[in-house]
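Let's take a walk through a protein together, one step at a time. Keep the picture open beside you as you read.

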Amino acid sequence: MRAVSIVLFVALGNGSAAAADQGKLALVVGNQAYQHLPRLANPGNDARGVADALRRLGFEVTLLTDVNTDVFNVVLQAFAAQAKDAKSVVFYYSGHAFQMDGQNQLVPVAANPDVNGDVTGQTWQLDDIISQLQSANAQTLIFLDACRTSPIAGRAGRSDGLAQMQTRAGTFISFATRPGAVSFDRGSTTGNSPYTAALLNHMEQQGLSISDLMIKVRNDVEAATGGQQTPWDQSSLRAQFFFKPGPASAPLPVFETVQSDTSISPPPGTATTAAPDQAAPDLTSPEQVAALEPPKPGPVIQRVEAQDQSKIEGGAETRSAPKAVTAPVLAPVVAAPVPALQLLPDDLASVMQTELKRVGCYSMPVDGDWGNGSRSALSTYLEKAGLEVGAELEPTAEYYHSLLKAPEGVCPPVVARATPQRSRNKPVVRRQETTRRSAAPKAAAAAPAPAPHKTKCTFLVVAIVCK
């Protein structure tokens, strides 16, 4: 039997201090030398390249190549125990995989589908792997370069490519191509698959979010394959993820103008007395102070002395002592921090469920579990609001900000009309009321209406003749 090479790097306390403090773990698997299935060209190089990049990004990496089920299960169990306390967990797989009855299966190198016709019993179910790696506080990211032609063609229930998955909140999954499609295994100039080559080309770029990263990967892969392969991803992350976050911006200084009541003497050699024939202006009013030339940045103090007009007392000219007037002082104050960019809430699914309930489109419990009911409510909201209903109905920043701006009652509630219950006494009362009410108009009609008053006008002509 041919020996299977296994490369295993597990950091269980002897890893870098920076990685341990950050709680960043990665499990990388590349299966290439299959014993009973067609061999692949790139998974070994793909796995090693991704493992090296993740180490440079501060991850503690466990790397497995050409691994069988026994070894994988042991390593997965130990890795899952570490992942419970991690903040970021990455799982990367390159190798054979297929979907059977809607379930994605990863294939170990020793799998032999011809033995007793057993297929799924020799493979690793992807749903089970992800469930072991997820935790309440960690962001779990899955990268699958495994959407190749099914290695068990002709079996009932099997389909090419991989199926779209339903996962809990806090999970991101990236497929090498869209669900149900087949990716390419031919290598690029770097010896990697088109998907992994694009991933390695951008994942170490500083300040690039996971969403922007996958856009760049998608564009590169489509360009490399002539549009025949389009990477796909689905996300239920509660916050944006960065492999290499950008530097934090420093707060800007803030200055304000304050009024000083203290008179400060000018530096030596500075003239402080106005000319005898010209009195200095009174700068105590705010309007006159505002007319002055703005001072230069920094603490600036100006002092102006005013002189009273000359007074003639007993034929002698006397002058009063100069009065000191202080101009506004521009003093530095403690810089207020610049408001941080608005981030998405940690529990984005629960917040969006709450907003959907507020606008009347969601009637189920707010539990943070983004399922078919939540997607249906989001679809209803988009239709009622006149917005485009996309293929992905997952919690995103675009949908979240749209819901925040939406008024209440976007989805009007359906109110069922209650059938009034008949009462034996009510009809009699109503007839009596009707009789009484109808009697009043008849009594009023019996009174004769007053005859209209006619006004008669008589014209008299009086002529007065004077002789």
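A search of the whole structure turns up 6 salt bridges. A salt bridge here is a side-chain nitrogen of Lys or Arg within 4 Å of a carboxyl oxygen of Asp or Glu. Before we visit some of them, a word about the model: it is predicted, so local features need pLDDT of at least 70 and side-chain atom pairs count only at pLDDT 80 or more, while totals for chains, interfaces and linings use all residues. Residues are numbered from 1 along each chain as its sequence is written, and side-chain values use heavy atoms, with hydrogens and water left out.

Start with R55 and D52, whose side chains meet in a salt bridge at 3.1 Å, N to O. Both sit in helix α2 (residues 43-56), 3 residues apart, which separates them by about one helical turn. An α-helix has 3.6 residues a turn, so residues three or four places apart point the same way. (Helices, H or I runs of at least four residues, and strands, E runs of at least two, are taken from DSSP and numbered from the N terminus.) R55 is partly exposed, with a relative accessible area of 32%, and D52 is partly exposed too, at 38%. For these words, buried means under 20% relative accessible area, exposed means over 50%, and partly exposed lies in between, using a 1.4 Å probe and protein chains only.

Next comes a bridge with a longer reach along the chain. The side chains of R56 and E204 meet at 2.7 Å, N to O. This pair links distant parts of the chain: R56 is in helix α2, and E204 is in the loop between α5 (194-202) and α6 (210-224), 148 residues apart. R56 is exposed at 54%, whereas E204 is partly exposed at 27%.

Are the partners in the next bridge, E394 and R375, buried or exposed? Their side chains meet at 2.8 Å, N to O. E394 lies in the loop between α9 (372-384) and α10 (397-405), and R375 lies in helix α9, 19 residues away. E394 is buried, with a relative accessible area of 13%, and R375 is buried at 13% as well.

Now return to helix α2. At 1.5 Å a residue, its 14 residues should span 20 Å, and its end C-alpha atoms are 20 Å apart, which agrees; the expected span is 1.5 Å times one less than the number of residues. Its buried residues include P43, A47, V50 and L54. The buried residues of α2 pack against β1 (24-30), β2 (60-65), β3 (88-94), β7 (139-145) and α5. After the helix comes G58, whose phi is positive, near 95°.

Finally, step back to the whole chain. It has 11 helices and 16 strands, and 37% of its 467 residues count as buried. A contact means heavy atoms within 4.5 Å. Among contacts between residues at least 6 apart in sequence, 70% join residues at least 24 apart.
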